[in-house]
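Subject: Structure for your review

Dear colleague,

Please find the structure below, handed over for your use. A summary of the findings follows it.

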Amino acid sequence: MENRQENQHRILVVDDEESMREFLCILLKRDGYLVDAVSDGQQAVACLKEQNYDLIISDIKMPRLDGFGLLDHVKERFASTAMIMITAFSTAEQAVDAMKKGAYDYITKPFKNEEIRLVVENALERMDLRRENLQLKKELGQRFSFANIIGKSKVMQGVYDLIEKVSASKVNVLITGESGTGKELVARAIHYNSDRHDRPFVAIYCGAIPENLLESELFGHEKGAFTGAVQQKQGLFEVADGGTLFLDEIAELPPMMQVKLLRVIQEHEFRKVGGTRDLKVDVRLVAATNKDLAQAVTEDQFREDLYYRLNVIQVGLPPLRDRREDIPLLVSHFLQKLTPGFSTTIPDGVMRRFLDYHWPGNIRELENTVERCVVLGGKGEITEDSLPPHMLCISGTGDQQLTELPEEGLDLDDYLGAIEKDILLKALDRTGGVRKRAAELLHITFRSIRYRLAKFGIEAEGGDERSGLGCDK
């Protein structure tokens with residue numbers, strides 16, 4: 001047997017009918033899979049001793065060891081391998097029994113090429129997700145730096161790489177992203193992956209403290225410095241000495257405090273309110289904002305010199321709608337967190353609701369939604385009845401309607417843009433990537449769809465029909 005190549009799935013076909021084995025091998029190899037084939041369950045058991053398989057496609061009725069016996073063997077010894085059962089119409093009831101015993105799905109003969117392809121693709125996707133979850137839990141147990149930062153998408157892998165690079169330095173970092181994208185988690189990851197990890201990590205929300213108290217909160221005060229200052233108080237800069245100070249929503253910092261913060265960055269010293277001497281401090285600053293700080297500088301709402309001092313390296317966090325492939329992982333993570341020790345399932349239709357929703361509140365809203373579902377639906381299975389009403393207003397065509405405006409608000413341009421992009425992608429998918437046909441489907445001109453696709457950086461076929469050969473016999 002050939003060695004498995006990186007990033008390729010290996011499939012074992014088990015069927016006593018030679019023509020069926022050959023047909024499945026040709027079909028699956030054409031789709032890029034590595035395929036082995038044997039004629040009965042005993043030969044399959046022998047193959048499993050020599051090679052790991054991602055998926056087994058097995059007939060039920062075979063000589064020596066049938067599909068049920070093979071399924072029992074696989075479930076007992078190879079839990080990470082999925083099985084699809086093939087059956088004739090007369091034995092469909094047996095196939096249902098096989099699913100109860102742990103088979104992923106079954107297909108009845110005769111079947112269409114696209115039918116088997118779709119079932120195979122879904123089975124492998126689910127097994128990959130399960131393995132990624134296990135690997136992710138292992139990695140999170142080994143590295144606190146990425147605790148609760150969940151994501152397999154390419155954009156999140158870039159965020160992980162950047163965190164590792166900036167953590168090794170001492171420069172100030174600016175984290176940008178919409179509300180609920182996990183900016184404080186990234187700040188903590190930077191701290192705990194740095195050589196300051198055994199020193200304090202101190203966080204403050206700049207918009208939550210009145211301006212007249214903010215200076216005392218940051219720098220501390222001497223006894224009697226003002227009415228009510230009955231004793232000396234340490235400020236957060238002093239508490240965080242040697243560690244990291246996280247300034248959340250830095251755009252809310254009042255102008256006078258911007259001046260004082262700039263001095264601390266430049267001189268590495270500060271003075272308490274009511275104090276007479278300067279105190280040296282070694283603090284790494286990590287700031288975060290959900291606003292366009294460069295635009296705030298242009299509008300004279302934020303000091304330019306402070307902006308460049310804070311923005312030595314910028315870590316941009318994507319909104320959840322731009323990394324939808326991470327949603328199943330996040331939902332699974334929150335379910336494990338909320339229902340430890342329980343196995344809670346999510347039907348495909350409910351997961352589609354999660355994938356189709358726009359998530360203006362991002363990961364924070366997603367976690368709150370999962371918690372609601374657990375409270376209302378119990379720990380066994382998440383149902384549509386437990387979803388918020390506004391999620392049920394999303395149609396299957398990608399139209400996303402809000403019945404309620406989230407408390408944190410939303411970026412209307414981003415929201416509408418995401419809907420437009422989603423519809424364009426669905427139109428291209430339906431028309432096989434042909435722009436001319438997609439434009440006709442959306443009742444717009446070819447010039448208009450070309451402009452819209454360019455706006456979102458979407459690549460597609462040209463205006464002519466695309467030809468191709470089908471695989472069905």
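By the ring-centre rule, in which rings of Phe, Tyr and Trp (its six-membered ring) pair if their centres lie within 6.5 Å, there are nine aromatic pairs. Planes under 30 degrees apart count as stacked, over 60 as edge-to-face and the rest as tilted. The rings of Phe 237 and Phe 270 have centres 6.3 Å apart and planes at 35°, so this pair is tilted. Because Phe 237 lies in helix H9 (residues 236–239) and Phe 270 in strand S11 (residues 269–270), the pair ties together parts 33 residues apart in sequence. Helices (H or I, at least four residues) and strands (E, at least two) are DSSP runs, numbered from the N terminus. Phe 237 and Phe 270 are both buried, that is, under 20% relative accessible area with a 1.4 Å probe and protein chains only.

The rings of Tyr 357 and Trp 359 have centres 4.6 Å apart and planes at 80°, so that pair is edge-to-face. Tyr 357 is buried at 2% relative accessibility, and Trp 359 is buried at 0%.

This is a predicted model, in which local features need pLDDT of at least 70 and side-chain atom pairs count only at pLDDT 80 or more, while totals for chains, interfaces and linings use all residues. Residues are numbered from 1 along each chain as its sequence is written, and side-chain values use heavy atoms, with hydrogens and water left out.

A nonpolar core is a set of buried Ala, Val, Leu, Ile, Met, Phe, Trp, Tyr and Cys residues joined through side-chain atoms within 4.5 Å. The largest has 33 residues, of which Phe 237, Leu 245, Leu 247 and Ile 250 touch the most other members. Among the elements giving two or more residues to this core are strand S7 (201–205), H9 and helix H10 (255–267); H10 provides the largest share, five residues. Leaving aside neighbours within four places in sequence, Leu 245 is in contact (heavy atoms within 4.5 Å) with residues including Val 202, Phe 237 and Val 286. A second, separate core of 24 residues includes Leu 24, Phe 111, Val 119 and Val 120.

Helix H7 (183–192), helix H13 (327–338) and helix H15 (362–377) each supply at least two residues to the lining of the second largest pocket.

Methods:
Buried means under 20% relative accessible area, exposed over 50%, partly exposed in between (1.4 Å probe, protein chains only).
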